[in-house]
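Open the model in your viewer and keep the selection panel at hand. The tour goes from strands to a helix, then to charged pairs.

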Amino acid sequence: MNSYNEELKKEIMNRYYSYDHLDLEGREDCKSYYEVSEEGFYLRSITCNKGIWTNSYIQVEDNEFFLPEAILEQEDKEFLTEISRVEFTKALQLSQASFKTEWIEFKSRAMSLCKGELCCFYPQGVVIKLNEPFYGLADYDQCAKVVPSEQMYPGTPVRFTVDFIDEENYILHLTIRV
């Protein structure tokens, strides 16, 4: 089985949830959506707060990345509503809508980008800041082989090559190089 089919199979096993902030926090018109791996790691997060969308991969304000850091436990599920992948995808597309034109322009020059800095560490890899509204994602183990452990922290400059452009998530997949 090729890696694309393996990724697709993994994605099918992922679960999708929504969380209405009114229920526990009293925040009206605020709802979050999560994609969670079979192992319980949060992979993507989207929030709509009074009509303003934020996405865990696009133009994260003040570098406040917001994937929950803990694994989703069974007792946490009582606060979440399980939703379909289709519902999650609709929220994802709404969170990307205001960036569509910028994304198209960004893609035209994305393959020429080669510098960034370590930004944060997600379960699916190292997020690389590109000084753009969009980010890159690199494999943690591959990054650790190139970046010395004492420099493996946010703000460390890195050089990379672009492996591919992830249209679904508006992110670049990168290989870190020396």
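This is a predicted model: local features need pLDDT of at least 70, side-chain atom pairs count only at pLDDT 80 or more; totals for chains, interfaces and linings use all residues.

Select residues 115–122, strand β6, and residues 125–129, strand β7. These two are antiparallel and share 5 bridges. Zoom in on Y122; its bridge partner in β7 is G125.

Next, show residues 135–138. This is β8, which pairs with β10 in the parallel sense over 4 bridges. Pick G136 and look across to L172, its bridge partner in β10.

V162 stands opposite L174 in β10. Follow the hairpin of β9 and β10 through the 4 residues between the strands. Stop at Y170, where phi is positive, near 55°.

Is β10 mostly covered or mostly open? Color by accessibility: 5 of its 7 residues are buried, so β10 counts as mostly covered.

**The helix across the strands**

**Charged pairs**

Turn on side chains. How many salt bridges does a search of the whole structure find? The search finds 7.

K107 belongs to helix α4 and E167 to the loop between β9 and β10, so the pair ties together parts 60 residues apart in sequence. K107 is partly exposed at 25% relative accessible area. E167 is also partly exposed, at 41%.

Move to R109 and E132. This salt bridge spans 2.6 Å, N to O. R109 lies in helix α4 and E132 in the loop between β7 and β8, so parts 23 residues apart in sequence are tied together. Both are partly exposed: E132 at 22%, R109 at 28%.

Last, select E168 and R44. Their side chains meet in a salt bridge at 3.3 Å, N to O. E168 sits in the loop between β9 and β10, R44 in strand β3 (residues 42–49), and 124 residues separate them. R44 is buried, with a relative accessible area of 4%, whereas E168 is partly exposed at 29%.

How values were computed
Residues are numbered from 1 along each chain as its sequence is written. Side-chain values use heavy atoms; hydrogens and water are left out. Two strands pair if DSSP finds at least two bridges between them. Buried means under 20% relative accessible area, exposed over 50%, partly exposed in between (1.4 Å probe, protein chains only). A salt bridge is a side-chain nitrogen of Lys or Arg within 4 Å of a carboxyl oxygen of Asp or Glu.
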